[in-house]
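I opened the model to look up a few local features. My entries follow below the structure.

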Amino acid sequence: MANILSTGSGALIAFQRALATVSHNVANVATEGYSRQRVDLATRSPTDMGYGYVGNGVKVADVRRIADQLATTRLLDSGGELSRLQQLSAMASRVDSLISDKATGLSGVWSNFFDATTGLSSNASSSAARQEVLSDANALASRFKQLNSQLDSMGNEVNSGLRSSAEEVNRIGAEIARLNGEISSNPNHVSNDLLDQRDRLVSQMVGFTGGTAVAQGDGSLNVFTAGGQALVVGNTSAKLTTITDPYQPERLQLALESNGQQIRLNDTALGGKIGGLMDFRSDVLDPAQAELGKIAVGLAETFNKQHRAGMDLNGQMGTDFFNIPAPRTSGHAGNTGNASLTASVGDLSKLDAQNVVLKFDGTAWSATRADTGANVPLTGTGTAADPLVVGGVELVLGGTPGTGDRFLLQPTAGAAGGIGVAIDDPNRIAAATPVKAKAELDNVGTGKISGVKVTDSTNANLLTPADIEFIDGTQYTVNGAGPFTYTPGQPINANGWSLTLDGVPVAGDRFSVGSTGAGSSDNGNAILLGNLDDAKALGNGTVSLNNAIGGLTTQIGSAARQADYAAEAQQVLHDQAQAARDSISGVNIDEEAANMMRFQQAYQAAAQVISTADSMFQSLISAVSR
């Protein structure tokens, strides 16, 4: 009878625990990261009760957490990559919208400026037309600055994101290390909920850094970044911190502090949200800002060159129409010498927006790409007479470099933020060709002037009057100098100008070339200025300014779409990994309902056993008391 009562009470306790576990599962059906638990029941042996009988009921052998390490690892991997791609996609889409939208992009104000310049050629002396050119030029310069400012702001967002993410990673890492300590100190009596809590924290950390977790024999989890750096080992967590870029102090990088040492992390060392921020900065933001600057430099250099070849309403040669900053050079924080590099654009057609690292080995300079480390052609010695030349940029060395000193050259990064209109007087717009030519009235040949253009606006004698006199149909003199051979259809060149004749001149025919002078309505240079948007000034003479704008829009749009497609694909993989994990560890309401009914019935039956034992005991007492 005592054995029956003991069996019943043991069963009652076991099924009560089973019911409590089922209730716990149901209550956490919507809890993220919860792993369902299951009570393992076992036959209670005689030695458990100290009796020598066979069959002593049931006991709770274990409350087991249903989890599969392979499924969990797969979910961690996919979750970290999904966080990276979602972060990259979100930021890249913002740049795409900024560049491609008609309200914020370049195309509208760009077209307005060149339309106004073309309009000036229809009435070169019109004050209104000249003022419109200046107004649209200022609007274009302002748009370049605005776009560059927006991109700078996104760079600041990356800095803020890295800073806040590092703080969050450190907080989570410390908590994981604490839980590791609790779990490893008593691995056989650990709360299943505590293991779930740690898994959730690991998932959150991997969402920031990428990587995975590896279990130790004592039950601890070591957490590693996507690049293999240890963030948590046992009950010790490393500290993630932000440091300044050695070339650009305004830009933050990440470093890992562990055992008193600081390890600078490169862009590939971290995944997750942090990796997405760093990928966005290196793969989308930096190229976009450099290409935008390249277009600004291309516009300014091309327009300035042609503008200097014209004459304004005051009768003066044109000056620079746009201001544009020089390429940036930044010395490494660890440089030991006192050298500096002064950069300028040399050959616009060869200008490359790619950042370059210049290094001095003690005797010579070398150049490599900042992103890949690939060698870049470099010529020159660095003197004013023989500057260092790399990617269309000329650099003059000042001071003395130390062995191993390095400099970062940014040919066009940020240039869009420094562009401006250099003139504010409409009369100073050089719309006219600075020289004009005419044929003498008494010429008897059929030679007629078909075109005059400037070939060298820097020639000191450009505006000096010149008389061309033909000795015969094949020879001529210029201001008495010569004779020079004349080939029909070929230009006559002198003093930085070029003159072309139609027809056949004869001996004694004369033509004069002189300054256009002030107040002219000549539109020769305005026509050339209005067509510069189609000039193939970039890419070794293969890419026009218009094509460069289209290329920038396509480049950013393509990067945004690729990131978006990758994020969508990764979401599918992550959902599959989540489903695989949930199929093992997730709570199934139908299954739990069935278990609840089964354990409830067993609980009631155990209670009935106790009731029966009690009845038997009462009957025995009653019989004995008679």
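I looked up Ala 255 and found it opposite Arg 264 in β9. This is a predicted model, in which local features need pLDDT of at least 70, side-chain atom pairs count only at pLDDT 80 or more, and totals for chains, interfaces and linings use all residues. Residues are numbered from 1 along each chain as its sequence is written, and side-chain values use heavy atoms, with hydrogens and water left out.

I noted that strands β8 (residues 252-258) and β9 (residues 261-265) pair in the antiparallel sense over five bridges. Pairing requires at least two DSSP bridges between the strands; strands are DSSP runs of E with at least two residues, helices runs of H or I with at least four, numbered from the N terminus. β8 and β9 form a hairpin with two residues between them, and Asn 259 in the turn has a positive phi of about 55 degrees.

I then checked for other positive phi values. Asn 479, in the loop between β22 (475-478) and β23, has phi near 55 degrees. Asn 495 also has phi near 55 degrees and sits in the loop between β24 (492-494) and β25 (497-502). Most residues other than glycine have a negative phi, and most peptide bonds are trans.

Asn 479 is partly exposed because its relative accessibility is 46%; Asn 495 is partly exposed at 22%. Partly exposed lies between buried (under 20% relative accessible area) and exposed (over 50%), with a 1.4 Å probe and protein chains only.

Last, I recorded a cis peptide bond between Gly 482 and Pro 483, with omega about 0 degrees. Pro 483 lies in strand β23 (residues 481-485).
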